[in-house]
Amino acid sequence: MPKKKIKQVISPDSLYESVLVAKFINKVMERGKKTIAQKIVWGAFKEIKDKIKKDPLEVFDLALRNAAPLLEVKSRRVGGANYQVPIPVKGDRRISLAMRWIIEAAKSKKGKAMKNRLAEELIEASKDTGAAVKKKENMHRMAEANRAFAHFARSR
């Protein structure tokens, strides 16, 4: 039996007192530059507040819920053939994937400061549009198309 991985406890961020925001900052962070990541995320939240006059935490929460996938596909090798097997996404992985997709979508846009791109992507995701939500829908479409192979997920 493999050892159970001990989860790192992340303390809430200092400005919004939210563990989710702290995790998001950690995901935005590159090469250990946390203060820059904090400026980007907090700047994006300020942009959201200025643009749509809503609580940025609510927009962030809604964006994560809209971008979080319910199903994903994993490759399984069965009898010399590879099948894309749909499996449900549980708990922390859903949130992690949603954060990753939102950040990737913001990074792929060009021409503006990262905080502006991130704010735009969060607003779009909260409205159920944008690249991160599109990625989730594509993932669900792939899972739906490969539903016939779902029985391979249970066999082991």
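Colleague: What makes Ser18 a cap of the N-terminal end of α1?

Modeller: The model is a predicted one. In it, a side-chain oxygen of Ser18 lies 3.3 Å from the backbone nitrogen of Leu20. A polar contact requires a pair of N or O atoms within 3.5 Å, so this pair qualifies. Ser18 therefore counts as capping the N-terminal end of α1.

Colleague: Which residues of α1 are buried?

Modeller: Helix α1 spans residues 19–28, and its buried residues are Val21, Ala22, Phe24, Ile25 and Val28.

Colleague: How do you know on which side of α1 they are placed?

Modeller: They cover an arc of only 160° around the axis, and therefore they are on the same side of α1.

Colleague: What covers the buried residues of α1?

Modeller: The covering elements include α2 (34–52), α3 (56–67), α4 (91–108) and α5 (114–126).

Colleague: Why is Ala143 called buried?

Modeller: Buried means under 20% relative accessible area. Ala143 has a relative accessibility of 1%, so Ala143 counts as buried. This residue is found in helix α6, which comprises residues 131–145.

Colleague: With which residues is Ala143 in contact, leaving aside its neighbours within four places in sequence?

Modeller: They are Leu71, Val73 and Pro86. As for Glu30, 113 residues away along the chain, its C-alpha atom and that of Ala143 are separated by 32 Å.

Colleague: What is the volume of the largest pocket, and how many residues line it?

Modeller: The volume is about 370 Å³. The lining has 13 residues, and Lys7, Gln8, Ile10, Lys23 and Asp92 lie nearest the centre. Both α1 and α4 supply at least two residues each to this lining.

Colleague: Which residues line the second largest pocket?

Modeller: That pocket has a volume of about 160 Å³. Among the residues lining it are Val28, Met29, Glu30, Arg31, Lys33 and Lys107. Ile36, Ala37, Ile40 and Met114 also belong to the lining. Helix α2 gives the most, with three residues.

Colleague: How many residues of this second lining are polar, and how many are charged?

Modeller: The lining of the second largest pocket has no polar residues and four charged ones, besides six that are nonpolar. Glu, Lys and Arg count as charged, so Glu30, Arg31, Lys33 and Lys107 are the charged residues here.

Technical notes. Residues numbered from 1 in each chain as written. Predicted model: local features only at pLDDT ≥ 70, side-chain atom pairs only at ≥ 80, totals over all residues. Heavy atoms only, no water. Buried < 20%, exposed > 50% of the residue type's maximum accessible area, 1.4 Å probe, protein only. Helix = DSSP H or I, 4+ residues; strand = E, 2+ residues; numbered from the N terminus. Arc of directions from axis to C-beta. Contact = heavy atoms within 4.5 Å. Polar contact = N/O pair within 3.5 Å; in protein donor to acceptor, adjacent residues only side chain to side chain. 1 Å grid on protein atoms, 1.4 Å probe; cavity = no way out; pocket = protein on both sides within 12 Å on 5 of 7 lines; lining within 4 Å. Points joined across faces, edges and corners; volume = space filled by probe spheres on them.
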